[in-house]
Amino acid sequence: MSQRFANQVMVVTGAAQGIGRAVALRAAAEGARVVLVDRADFVADVAAEAQGPAAAFNADLETYEGARDAMAFAVETFGGIDILVNNVGGAIRMRPYAEFEPAQIEAEIRRSLMPTLYSCHAVLPHLLARDGGTIVNVSSNATRGIYRVPYSAAKGGINAVTQSLAMEYADRNIRVVATAPGGTSAPPRRVPRNAAGDTAQEQAWMAEVVEQVTTSSFLKRYGTLDEQVAPILFLASREASYITGSVLPVAGGDTG
């Protein structure tokens, strides 16, 4: 396997499961020193699987303190940060917008926008100290889709953060990019997004979302984890050195 990330330090948030876990393990195999950040304790087990130097850190990135402490841990452990992959997020509930309660709307924004907003701010001093670096935000093509309006708004916010931050910091040698994954097949989650569980009605709404996501894709299928990891790590690598401010749809032709 290539060593694209040799001698680079990468922080991956939401690294205990799904896309984040796969990104962290692949980056470690390609030479990165990786800090895996997640609220779930078992992120330490994932770090232990890495084929290279890796460390786990438990943090609640819905708080600024969590983001700040995670970046400080990475610097303390590996001496700095070169790359941040902001992966935390995911729709908690699927339902028509009129069915959302106010607290549920706020929870979606806290889950899928604030960790990226906080982590981008928290990492900047460390990237500036290295005279450059790369931030890869994991957005979504769900900026256009049914039954996830607050989540769609959060991911639209991430696209805005990506482009504005890229414009502000390009002259400091900091690239800011994003991918916008579509539906992605992954093993069952060990920590469900909706801890309260889904009612029969919510499961029916979820089935409609799956149908919409599948039919909106030109390829008429979900992507795989590997199909999401590859573009994230391409954008994180020096191979993408002339790309910044871009949001790359990775959704089988559905641009969101």
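Is Thr 116 buried or exposed? In this predicted model, Thr 116 is buried, at a relative accessible area of 2%. The residue belongs to helix 5, which runs over residues 114-129. Leaving aside residues up to four places away in sequence, Thr 116 touches Asn 86, Val 88, Asn 137 and Ile 158.

Now to the charged pairs. Side chains of opposite charge can pair when their charged atoms come close. Searching the whole structure gives 14 salt bridges.

One joins Arg 4 to Glu 30, with N to O at 2.7 Å. Arg 4 sits in the segment before strand 1, and Glu 30 in the loop between helix 1 and strand 2, 26 residues apart. Glu 30 is buried because its relative accessible area is 1%, under the 20% cut-off. Arg 4, at 22%, counts as partly exposed.

Next, Arg 21 and Glu 49, whose closest N and O atoms are 2.7 Å apart.

Glu 62 lies in the loop between strand 3 and helix 3, Arg 110 in helix 4, and 48 residues separate them. Glu 62 is buried at 18%, while Arg 110 is partly exposed at 33%. These two also belong to a network of salt bridges that includes Arg 39, Asp 60, Glu 106 and Arg 111.

Terms used:
Residues numbered from 1 in each chain as written. Predicted model: local features only at pLDDT ≥ 70, side-chain atom pairs only at ≥ 80, totals over all residues. Heavy atoms only, no water. Helix = DSSP H or I, 4+ residues; strand = E, 2+ residues; numbered from the N terminus. Buried < 20%, exposed > 50% of the residue type's maximum accessible area, 1.4 Å probe, protein only. Contact = heavy atoms within 4.5 Å. Salt bridge = Lys/Arg side-chain N within 4 Å of Asp/Glu carboxyl O.
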